[in-house]
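This tour is intended for a reader with the structure open in a viewer.

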Amino acid sequence: MRSLALLTVAGVMLATTACDESTAASSAPAAPKLVEVLPKLTEVAKQAPPAPAADRQAQLKDLVETAFVAGRADGRLQEMARKDLLDDPDAQWALEDALEHQDSAVRSNAAFQLGELGKQCSLIPLAKRLKYEMDPEAKVWAAAAMAKLGSYAGLPTLIDAMNMTVAQTAGLQSIDICKRAGIELPDQPTYDELRAFLRDLYRGWQRTGAVPNMKDGTTATPQTEGRIAERLLHLPDFQLRPVDDTRYIVARLGQLGLPLLKEALHAKQPYLRMHTVEIVYQLGPVAHDLGNDVLPLVTDELTSCEAARALGAIHADGALAQILPMLHASDAEERAAAAEAIGLLGDPGGKPALQKCFDDPNETLDVRVRAAYGLALFELDRPAYHWMRQLRNDGKYHRPTMDELIDDIDTRVRDDSRK
Amino acid sequence: MKLWIRMVLLLVVAGGIGGLTLLAIPAGNPEVAAQTKHWESSQQCQQCHAEVWDEWQGSHHQISYLNPEVRKLSEDFRNKECAACHLPRPVTFTGYGERVLPRLTNPDEGVSCLTCHLAADGTILGRHDRPDVACAPHADADFLKVDMCQSCHNQHYTTDQWRASTYAKEGVNCNDCHMPEVARKDGSQGRSHVFSGAHDIDTLRRAGKLAIAVDGGDMVFKLTNVGAGHNFPTEERHRAVDIMVRFVLADGTQTPWQRSYRYRQPYRDEPGENTQLPSGATHESRTPIVAGAKTAQIRMWYRLTPYVGDDDPLSTLLLEKEVELP
């Protein structure tokens with residue numbers, strides 16, 4: 001009889017456990033509905049500004065040389081060439097082409113003029129320049145031009161540059177950016193004050209993707225959309241350089257890329273879908289409204305890890321319930337991504353599970369490290385943060401990875417981008 | 001049978017069947033997960049495959065995410081495009097020949113055992129079916145093909161170069177040169193997991209053959225790619241082969257070393273032409289002989305990065321010769 005009773009209890013428990021699992025499964029988001037997105041992107045890409053004919057290109061390149069290369073012409077001729085260039089209907093193409101010029105002074109001039117020209121779609125070549133520019137001055141000009149055109153993604157460059165030899169240029173450009181944003185500056189602002197203003201502007205930009213006092217700054221023009229589509233079409237490429245360029249560029253356009261990213265999240269083409277999720281992750285809270293488009297991708301084996309992290313980074317509504325079960329996945333990669341995502345999400349409801357994961361001596365070190373990272377992002381949980389630092393000091397975990405995670409915690413907690 | 005006994009039995013049967021049925025759904029089934037060995041680290045392979053593991057440990061696959069040379073060139077992997085191949089998820093995750101995706105875990109393992117040996121269904125891939133051993137590997141013809149290597153090594157066009165070579169037509173693939181058959185101490189035969197390549201002087205010396213001659217007032221250098229089934233050097237930016245020459249005058253004075261030719265593919269956004277030597281090809285370069293020179297000293301260097309000098313450990317001396325001049 002006793003064994004019968006035990007069997008009964010076991011049976012009921014089994015049923016209860018199964019029901020728990022079944023309930024969890026039923027609340028899971030539906031598998032993503034995937035559609036063909038490439039044809040649409042190809043069509044939208046046609047809106048990108050066309051390049052002039054080859055002979056015109058040669059003329060324009062020559063004009064750029066005369067206008068911007070030091071010593072190429074006397075002052076009077078140089079000024080005439082500059083005026084001709086800026087009055088030319090193809091000035092935008094010439095200046096964007098000059099962003100790749102071997103002379104850094106030409107690149108600086110081109111970046112400045114593109115900011116003045118005010119064509120939003122120049123953000124795309126300027127963001128690429130920001131990625132690759134090695135010359136500190138040219139980098140400052142690219143960042144400043146982007147600010148004028150609607151992206152504050154280059155503000156950290158300006159903040160850093162105020163500690164460098166190009167501090168004066170960076171300072172003057174920062175003053176201009178602050179004034180355009182409507183900030184009332186002291187008569188003679190210090191570099192520290194400018195850095196503080198820029199940090200505030202940058203935090204606001206990270207949350208909203210909008211530049212203050214800029215009319216229509218969050219809506220992409222057809223030309224900008226065309227260029228974003230051109231970039232997204234690179235995501236399925238085999239070569240990673242254009243893929244990474246796209247991730248970098250589109251993640252620095254604030255809200256401008258969101259409509260096309262929303263579509264690309266549903267792409268049948270796996271790499272297009274996958275890398276779009278990565279862009280959403282990089283965009284952070286700006287892409288908050290894409291939460292419902294990202295959610296189904298946690299059920300997609302290819303994108304589950306990146307989708308979880310993206311949901312965390314954009315602070316997606318209702319994401320915690322979908323991410324928590326991933327802490328029990330058989331794949332450590334998924335558990336690590338989930339731990340990181342819960343920290344990024346910042347929903348206090350996820351903290352106990354994260355703590356349990358961190359405390360579990362049987363859990364792999366990689367996952368415990370990501371759980372510690374997640375806990376540290378809750379700010380108050382300093383033991384996890386100190387554990388990470390200790391692990392780093394003891395050389396018990398891959399040092400560059402640990403450095404990267406700790407730096408990221410420091411930046412995120414300092415910027416407190418979740419508020 | 002009494003009613004209460006019937007009810008209890010019914011409850012047991014119904015609960016058991018219901019529970020088992022629902023738990024049989026593979027996703028989230030802890031019992032199934034516990035019974036199925038889950039492969040997530042190369043450490044799991046070490047116990048049974050100690051010798052193979054020792055070969056891999058320290059190889060440029062294992063250190064791919066740790067290598068200071070790579071970390072420097074990738075700006076500590078802030079160039080995110082590099083991370084996918086230097087810390088990849090299993091190739092089968094995206095498919096043979098397709099681009100790999102980066103992972104977060106086991107950074108010390110770089111290109112790990114599982115990168116190549118883990119099948120999409122979580123089982124282990126090998127050259128032979130071995131259901132009798134712990135990891136129960138199963139053979140997969142595609143596992144041995146060039147597509148396996150292509151997922152990473154065609155980022156810099158190496159497998160495209162191989163496909164255009166006579167090696168491809170003759171069926172000599174990556175494994176034949178870079179994973180030769182070896183006899184292990186335990187008596188077993190297998191493929192080497194050292195992955196000898198650009199960091200191995202013997203492999204490098206087999207690749208290029210340099211013929212040196214004097215033609216009138218010129219030194220003539222003919223380099224032939226005799227041993228690589230891809231360009232020599234292959235890869236972009238990082239690799240270069242330099243033919244260097246200097247002359248010794250009658251009074252013993254030595255002219256400075258000058259480069260007769262550099263074989264290299266510039267990086268994607270770097271100006272210049274690709275001068276890598278395709279498989280089987282010969283290229284001739286000439287350097288005028290300095291007046292009054294009695295001998296010419298020639299060196300052929302392989303450089304892991306083109307920005308280093310002869311004294312740098314990233315430069316490997318492949319050949320050194322002295323030629324008496326007429």
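## A tour by selection

Begin by selecting B:Tyr302, which has 4% relative accessibility and therefore counts as buried. The coordinates on display belong to a predicted model, for which the scores are ipTM 0.84 and pTM 0.87.

Across all chains the structure contains seven aromatic pairs. B:Phe232 and B:Tyr302 make up a stacked pair, with 6.2 Å from centre to centre and 25° between the planes. Which parts of chain B does this pair tie together? B:Tyr302 belongs to strand E10 (residues 293-303) and B:Phe232 to the loop between E6 and E7, so the pair links parts that lie 70 residues apart in sequence.

**The four-stranded sheet of chain B**

Next, display strands E8, E7, E10 and E11 of chain B, which form an open sheet in that order, with antiparallel pairing. At the edges are strand E8 (258-263) and strand E11 (315-324) of chain B, each of which pairs on one side only. From one strand to the next, the twist averages 15°.

Five bridges join the two in the antiparallel sense. To see one position across this pairing, select B:Asp242, which has B:Arg262 of E8(B) opposite.

**The three-stranded sheet of chain B**

Move to strands E5, E6 and E9 of chain B. These also make an open sheet, of three strands in the order E5-E6-E9, and the pairing is antiparallel. The edge strands here are E5 (208-215) and E9 (282-288) of chain B, and each of them pairs on one side only. The average twist between one strand and the next is 20°.

Within this sheet, select strand E6 (residues 218-225) of chain B together with E9(B): the two pair in the antiparallel sense over seven bridges. Opposite B:Thr224 stands B:Thr282, in E9(B).

**The nonpolar cores**

Turn to chain A and select A:Leu126, A:Tyr152, A:Leu232 and A:Ile323. These are the residues with the most contacts inside the largest nonpolar core, which has 138 residues. Helix H19 (residues 332-345) of chain A supplies the largest share of this core, nine residues.

Centre the view on A:Tyr152. Beyond neighbours within four places in sequence, the contacts of A:Tyr152 include A:Ile177, A:Leu201, A:Trp205 and A:Pro212.

Then select helix H7 (residues 123-132) of chain A. Is this helix mostly covered or mostly uncovered? Helix H7 of chain A is mostly covered, as eight of its ten residues are buried. Among the buried residues are A:Leu123, A:Ile124, A:Leu126 and A:Leu130, and also A:Arg129 and A:Lys131.

**Confidence in chain B**

Finally, colour chain B by pLDDT. The mean is 89, and 88% of the residues in chain B reach 70 or more. Residues 15-35 of chain B have a pLDDT below 50, and this stretch makes 19 contacts in the model beyond near neighbours in sequence. Where pLDDT is low, predicted coordinates should not be read in detail.

Definitions and conventions
Residues are numbered from 1 along each chain as its sequence is written. Chains are lettered from A and ligands numbered from 1 in the order in which they are written. This is a predicted model: local features need pLDDT of at least 70, side-chain atom pairs count only at pLDDT 80 or more; totals for chains, interfaces and linings use all residues. Side-chain values use heavy atoms; hydrogens and water are left out. Two strands pair if DSSP finds at least two bridges between them. Axes are lines fitted to C-alpha atoms, for helices over the stretch in contact, and angles run from 0 to 180 degrees between N-to-C directions. pLDDT is the predictor's confidence in each residue, from 0 to 100. Contact means heavy atoms within 4.5 Å. Buried means under 20% relative accessible area, exposed over 50%, partly exposed in between (1.4 Å probe, protein chains only). A nonpolar core is a set of buried Ala, Val, Leu, Ile, Met, Phe, Trp, Tyr and Cys residues joined through side-chain atoms within 4.5 Å. Rings of Phe, Tyr and Trp (its six-membered ring) pair if their centres lie within 6.5 Å; planes under 30 degrees apart count as stacked, over 60 as edge-to-face and the rest as tilted.
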